[in-house]
Amino acid sequence: MSSRIKIVNGKVITPEAILEQASVLVSDGKIIGIEQGNREFPEAMEIDAKGQYISPGFIDIHVHGGGGSDFMDGTPEAFLTVAETHARFGTTAMFPTTLTAEPEDLEATLNSFEKAKEQNKKGASLLGIHLEGPYFAMSQRGAQDPRFIRNPDEKEYKELIANYKSIKRWSAAPELPGAMEFGKYLTENNILAAIAHTDAIYEEAEEAFHNGYTLATHFYSAMLGVTRRNTYRYAGVVEAGYLIDDMDVEIIADGSHLPAPLLKLIYKIKGPKRTALITDSMRAAAMPEGNSLLGGYKNGVEVLVEEGVAKMPDRSSFAGSVSTFDRLVRTMLNMAEVPMLETIEMASLTPARIMKVDAQKGSLEVGKDADILIFDEEINIKMTMVEGRVVYSL
């Protein structure tokens with residue numbers, strides 16, 4: 001394929017506006033022009049968007065699996081399968097996410113990431129690892145395996161961070177002993193600290209924010225809202241997410257984990273610049289419904305997939321998402337009634353800014369990576385381009 005590509009005849013979604021009858025010019029994997037009309041671009045391959053949307057690619061900062069594979073399978077092949085599966089649904093970059101696990105299984109996953117990143121030519125870019133756990137509140141473990149949940153271990157986390165530069169984010173419960181020091185250490189090492197699976201009340205969440213925890217992981221899930229202790233009420237992490245203006249939140253916008261009123265409330269209070277959409281999807285994403293496994297084959301937890309979501313086998317709670325990113329965008333447009341421009345911001349530029357990759361990714365702007373989608377009015381993905389390579393097209 002030519003390194004020069006011209007995508008024409010589309011509605012180009014830029015950070016400021018949607019440009020009708022516009023074109024995007026690509027050279028050597030970068031965007032070099034966004035223009036109205038269809039100007040000459042010699043020796044370029046032309047792609048006709050046929051009047052559909054030309055959008056920045058979606059960036060998933062919290063994803064466990066898809067296409068029958070989970071990152072905790074601990075093989076490069078699993079990483080490649082997940083990256084290629086989600087590219088078909090609009091994800092152009094992702095931060096593979098782990099679960100609580102035995103140390104050797106976690107290291108197998110971290111080692112596989114490095115190998116898969118070198119081999120990955122057909123899927124979403126693998127930008128870095130998100131460690132979800134094991135430093136969680138047992139009472140908020142959800143579907144995480146309780147055998148591996150523990151308090152922050154200074155020796156353990158310092159060794160992992162020293163040995164694996166791919167770690168870019170770590171989610172933990174800030175009320176645990178040693179969690180504030182852990183948050184400060186993450187921040188000093190340019191790793192995003194996030195609040196997750198937590199019993200923290202507002203005061204603890206506020207202290208955590210000042211010690212580096214600037215993101216609320218899957219907002220509303222596995223965290224407290226208003227709670228009562230003895231006779232007194234306390235605000236929780238949910239209220240902290242709203243009251244602390246600079247706190248970012250990520251939401252599983254699959255239409256199941258959060259109902260329409262809460263999606264609208266989050267949008268109204270936090271807005272598109274502080275809210276990132278995530279799939280939080282497991283291996284059953286883009287697969288038939290039925291029995292599945294959350295986590296790796298060795299120590300995974302059995303789950304049941306029905307009604308478009310993963311549940312614990314006794315149906316007592318959700319056990320993960322099976323969503324793909326196109327579904328998140330449709331949910332925000334149709335259920336939450338958010339305009340297209342701001343929905344795409346929550347799917348691309350905001351997660352890029354949270355993960356500090358917005359200088360290269362997250363919007364259609366000159367100089368950025370050519371991570372580009374074409375989709376129709378129903379957000380059916382017609383083409384996915386990753387750094388100038390078409391990795392999927394209908």
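Asp-280 sits in the loop between β18 (275-278) and β19 (290-294). Helices (H or I, at least four residues) and strands (E, at least two) are DSSP runs, numbered from the N terminus. This is a predicted model: local features need pLDDT of at least 70, side-chain atom pairs count only at pLDDT 80 or more, and totals for chains, interfaces and linings use all residues. Residues are numbered from 1 along each chain as its sequence is written, and side-chain values use heavy atoms, with hydrogens and water left out.

An unreviewed UniProt entry lists Asp-280 under "active site". UniProt positions are given in the numbering used here, feature names are shortened, and annotations may be inferred rather than shown by experiment. Asp-280 is buried, at a relative accessible area of 9%. Buried means under 20% relative accessible area, exposed over 50%, and partly exposed in between (1.4 Å probe, protein chains only). Which residues surround Asp-280? Leaving aside neighbours within four places in sequence, Asp-280 contacts His-62, Val-63, His-64, His-218, Ile-252 and Ser-321. Contact means heavy atoms within 4.5 Å.

Take Ser-321 next. This residue is found in the loop between β22 (318-320) and α8. Ser-321 is buried, with a relative accessible area of 0%. Its side chain reaches the backbone oxygen of Thr-279 at 2.8 Å. A polar atom of that side chain also lies 2.9 Å from the backbone nitrogen of Ser-323. Beyond four places in sequence, the contacts of Ser-321 include Ile-252, Asp-254, His-257 and Met-282. Asp-280 is in contact with Ser-321 as well.

Under "binding site", the unreviewed UniProt entry covers Glu-132, His-197 and His-218. They are spread over 87 residues of sequence, yet they cluster in space: the largest C-alpha distance is 11.0 Å.

Glu-132 lies in strand β11 (residues 129-132). Glu-132 is buried, with a relative accessible area of 2%. A polar contact of 3.1 Å joins the side chains of Glu-132 and His-62. Such a contact is a pair of N or O atoms within 3.5 Å; within protein, one must be able to donate a hydrogen and the other to accept it, and residues adjacent in sequence count only if both atoms are side-chain atoms. Not counting residues up to four places away in sequence, Glu-132 touches a set of residues that includes His-64, Gln-144, His-197 and His-218.

His-197 lies in the loop between β13 (192-195) and α5 (202-210). Is His-197 buried or exposed? At 5% relative accessibility, His-197 counts as buried. A polar atom of its side chain lies 2.8 Å from the backbone oxygen of Gln-140. Among the residues that His-197 touches, not counting those up to four places away in sequence, are Glu-132, Phe-136, Arg-141 and His-218.

Now turn to helix α7 (residues 260-270). Its buried residues are Leu-263, Ile-266 and Lys-270. They cover an arc of only 65° around the axis, which puts them on the same side of α7. The arc is that of the directions from the helix axis to the C-beta atoms. An α-helix has 3.6 residues a turn, so residues three or four places apart point the same way. The face of α7 turned away from its buried side carries the exposed residues Pro-261 and Lys-268. What covers the buried residues of α7 includes α6 (237-243), β17 (248-252), β18 and α8 (325-334). Gly-271 follows α7, and its phi is positive, near 75°.

Leu-263 is also in contact with Met-332. Other contacts of Met-332, leaving aside neighbours within four places in sequence, include Ile-251, Leu-277 and Met-346. Met-332 is among the residues with the most contacts inside the largest nonpolar core, which has 76 residues. Phe-58, Trp-170 and Phe-375 are also in that group. The core draws at least three residues from each of domain 1 (4-55 + 368-393) and domain 2 (57-355). A second, separate core of 16 residues includes Ile-7, Ile-31, Ile-47 and Leu-364. A nonpolar core is a set of buried Ala, Val, Leu, Ile, Met, Phe, Trp, Tyr and Cys residues joined through side-chain atoms within 4.5 Å.

The domain bounds come from an automatic or database domain assignment. The C-alpha centres of domain 1 and domain 2 lie 30 Å apart. Across the boundary, 24 residues of domain 1 are in contact with 22 residues of domain 2.
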